[in-house]
Amino acid sequence: MEQFHATTIFAIQHNGACAMAGDGQVTFGNAVVMKHTAKKVRKLFNGKVLAGFAGSVADAFTLFEMFEGKLEEFNGNLQRAAVELAKEWRSDKILRRLEAMLIVMDERHLLLVSGTGEVIEPDDGVLAIGSGGNYALAAGRALKQYAGGQMAAKEIAKAALEIASDICVYTNSHIIVEEL
């Protein structure tokens with residue numbers, strides 16, 4: 001059965017600021033663009049946490065709700081909420097079938113959370129997921145390293161997604177950027 005998918009999220013911590021960008025494309029299977037203006041990046045926990053998803057839309061919304069519940073349960077402790085979500089996601093027979101990934105961040109931490117139980121914090125303060133994730137990651141790392149002093153986190157996030165949208169057919173140029 002065909003599924004709706006949404007792709008390409010980029011997040012960066014840079015010069016004391018945090019930003020996350022996502023494109024707006026939702027595809028049905030491999031051939032049909034169903035929506036151009038989806039919002040895949042959201043502020044959670046009273047605007048103190050950013051979360052973005054790539055993968056199946058319905059699965060991602062389930063994970064958003066679960067993650068937000070974990071944030072409430074652990075008083076906004078991002079790392080603890082992410083680890084507990086990953087443990088539950090991996091061990092539950094139904095949840096294990098969810099096809100999505102999350103990037104979550106607050107002012108101090110940036111984490112990738114997956115259904116295989118992975119909670120990964122990057123060494124360089126840059127993460128990307130989705131079909132255009134590798135393009136956005138490469139662009140973002142280059143921008144951070146070579147133009148970082150002249151660009152803000154929000155500008156790098158937007159530029160990384162713009163570059164990915166020029167290369168990846170599953171990423172469009174309707175970009176939403178949120179920052180902390």
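Reader: What span should the 15 residues of helix α3 have at 1.5 Å a residue, and how far apart are its end C-alpha atoms?

Author: This is a predicted model, and the check runs as follows: at 1.5 Å a residue, the 15 residues of α3, residues 133-147, should span 21 Å, and the end C-alpha atoms lie 20 Å apart, which agrees.

Reader: Which residues of α3 are buried, and against what do they pack?

Author: The general idea is that an α-helix has 3.6 residues a turn, so residues three or four places apart point the same way. In α3 the buried residues are Gly133, Ala136, Leu137, Ala139, Gly140, Leu143 and Ala147, and these pack against β2 (9-14), β11 (126-129) and α4 (153-167).

Reader: In what order do the strands of the open sheet run, and is the pairing parallel or antiparallel?

Author: Strands of a sheet pair through backbone hydrogen bonds, either parallel or antiparallel. Here four strands form an open sheet in the order β11-β2-β3-β12, with antiparallel pairing, and β11 and β12 (176-179) are the edge strands, each pairing on one side only. The twist from one strand to the next averages 10 degrees. Between β2 and β3 (residues 17-22) there are six bridges, and isoleucine 12 has alanine 19 in β3 as its bridge partner. Helix α3 packs on this sheet, touching β2 and β11, and its direction makes about 160 degrees with that of β11.

Reader: Which residues have the most contacts inside the largest nonpolar core?

Author: They are Phe67, Leu71, Leu102, Val104 and Val113, in a core of 25 residues, to which α1 (57-73) gives the most, with seven residues. Apart from that core lies another of 21 residues, among them Val126, Ala128, Ala136 and Leu161.

Terms used
Residues are numbered from 1 along each chain as its sequence is written. This is a predicted model: local features need pLDDT of at least 70, side-chain atom pairs count only at pLDDT 80 or more; totals for chains, interfaces and linings use all residues. Side-chain values use heavy atoms; hydrogens and water are left out. A nonpolar core is a set of buried Ala, Val, Leu, Ile, Met, Phe, Trp, Tyr and Cys residues joined through side-chain atoms within 4.5 Å. Buried means under 20% relative accessible area, exposed over 50%, partly exposed in between (1.4 Å probe, protein chains only). Helices (H or I, at least four residues) and strands (E, at least two) are DSSP runs, numbered from the N terminus. The expected span of a helix is 1.5 Å times one less than its number of residues. Contact means heavy atoms within 4.5 Å. Two strands pair if DSSP finds at least two bridges between them. Axes are lines fitted to C-alpha atoms, for helices over the stretch in contact, and angles run from 0 to 180 degrees between N-to-C directions.
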